[in-house]
Amino acid sequence: MLDLIDFKGWLLVIIQTWMFVFLAPLLVGWLTWLKCHLQNRRAPSLLQPYRNLWRLFHKDVLLPKHASLIFRMNPYIVAGVMLIAASIIPLFVVRMPSSATADVIVLVGFFALAKFFQSLAAMDIGTAFGGMGASREMTVSALAEPAMLMSVFTLAMVAHSTNLSTVVETLIQHGLVLRPSLLFAFAGLVLVAIAETGRIPVDNPSTHLELTMIHEAMVLEYSGRMLALIEWSSMTKLMIYGVLICNVFFPWGIALHHDFYSMFIGFIAIASKLMLLGVFLVVAETVLAKMRLFRVPIFLSLAFTLSLLGLLSYIILEVGS
Amino acid sequence: MNIMSLPLSEQAILLFAGMVLFTSFSLLAQPRIVAAIRMFAWQGVLLSIVTVMVAVDTGLHHLYISALLTLLMKAIFIPWLLHRLVHKMEFQREQDILHHPVLVLLAGGVLVIFCYSIALPIERLGNSVTQPIIALSMAMVMLAMLMLITRHKAVSQVIAFMAMENGLFFAAVSATHGMPMVVELGIAFDVFVAAIIFGVFFFHIKDSFDSLDVDHLSSLSESDQ
């Protein structure tokens, strides 16, 4: 087991977590930049998300008249949860002391916690949009969560562990094995990630169209630094899903030892993997149109079926009798 | 038999077999007829790829001929024929009605588990790489049957019927490394004729009811008068 009182390890955790959080807007900037270029528009600079956050942090906070404590606490809770969640994901190095404290099921729980408070805060002020957005978010997440857990269980069965760090390490040690189960789990997790981070075809992060928005409807009443925190945490969530997909299914390059050289390689590896993932995501978003809200349950049931198939094909095809 | 102890080529067989099963699921969930035809064609392509890989792995030459037959019939000829019929009847944008699509998908998952439990004793008999695929091929037959009973349009029922035949072929490849050549040629000819007869029937159904919904067939014409 990992040594919990490991000073160097905890220092690495802190560095990695802050890197995670501060690089998340850059990933969003990269996606926007790519998307603009694909659609023949003039792209904003890669640093534009940072500027937006900076601007929001320096604006005054306007609170609705009837806002209760939950509404005011929510941005801090959501941001805190995302920060903790980011600390347990291996970004460029495995075997960190923080990964021994929480496994991937706890990660799913963290996301549920953030969503719970977000929906409560959206309903708190009693506007129509808040309630509508909260109900939609809950619908989506209630369907996405079982699919994500299924795909996580597939991983856990392959690696015989639910600990993310151990999963990544085991998969590297297995080398190149063509596993049908991981292919299905990968496809299922990608669909869940698209739904959970509110990208096209489930939700469109760049519009505020009343009839179709899900996530944006919940945060309409926020302003100033509170809005900045919420936007930042949704960027971090996108980054978490991206890193999770890259590192678990394509773990090659991640540092297994805590020395400078392999960590540098690990950093380059994860940066290029995320850039490549961004290209795929943006191409998919450009090709696809946003689907009707009532088609989202079918989309998510496809994700569930894929994850279930992953689980089944592990048992049927890979273990043998 | 663990997948890690197999060579990469046999792992690839299992991977593609899994993908064939996935095409069965996506056929089950696909309400658009043109997209379902396309998915059926992909199933044929994947099936012939698996057959070729099994042929390479076992060194059985007659499997190459079956793979070629599958590719020509299931991946090119039948999809092309169905496509042409759909275009002729101007049904390109037609959708089948799917009641409870989520429930149907879950039932599909249950069927896969059922088939696995049934195929388990058969798998224990041998230790060839294709033994675990028997469960998948039985599941394909079952899934196609589920599609057959949940659909209303004649075209998607025909696709389901052909997908069932795909499952049987897959079972033959995985359990006994293919059927005797005479049987295989006979089945190919049967499928060929069936596809053409189905095409004629489509036109009859469409002429009589102005739609391809087979529910119209169950109401007696006398009772309307």
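Helices (H or I, at least four residues) and strands (E, at least two) are DSSP runs, numbered from the N terminus. This is a predicted model, in which local features need pLDDT of at least 70 and side-chain atom pairs count only at pLDDT 80 or more, while totals for chains, interfaces and linings use all residues. Residues are numbered from 1 along each chain as its sequence is written, chains are lettered from A and ligands numbered from 1 in the order in which they are written, and side-chain values use heavy atoms, with hydrogens and water left out.

**Chain A**

The pLDDT is the predictor's confidence in each residue, from 0 to 100. Chain A has a mean pLDDT of 90, and 98% of its residues reach 70 or more.

| Helix of chain A | Residues | Mean pLDDT |
|---|---|---|
| α8 (lowest) | 215–218 | 87 |
| α2 (highest) | 48–57 | 95 |

A:Pro201 lies in the loop between α7 (180–196) and α8 of chain A. The peptide bond that joins A:Ile200 and A:Pro201 is cis, with omega at about 10 degrees.

**Chain B**

Chain B contains eight helices and zero strands. The C-alpha trace of chain B spans about 65 × 35 × 30 Å along its principal axes. A compact globule of 225 residues would have a radius of gyration near 17 Å, and the 18 Å of chain B agrees with this. That radius is taken over C-alpha atoms, and the globule rule is 2.2 Å times the number of residues to the power 0.38.

In the loop between α3 (62–88) and α4 of chain B sits B:His100. B:His100 is not a glycine, yet has a positive phi of about 50 degrees. Most residues other than glycine have a negative phi, and most peptide bonds are trans.

**The interface**

Contact (heavy atoms within 4.5 Å) involves 29 residues from chain B and 25 residues from chain A. Buried area is the accessible area (1.4 Å probe) that two parts lose on being put together, summed over both. Between chain B and chain A this area is about 2400 Å², with 78% of it given by carbon and sulfur atoms. On the chain B side, B:Ile3, B:Met4 and B:Leu15 lose the most area to chain A, together 21% of what that side buries.

Zero salt bridges are counted between chain B and chain A; such a bridge is a side-chain nitrogen of Lys or Arg within 4 Å of a carboxyl oxygen of Asp or Glu. Helices α1 (8–29), α4 (101–125) and α5 (133–150) of chain B each supply at least two residues of the side that touches chain A. The largest share of that side, eleven residues, comes from α4(B).
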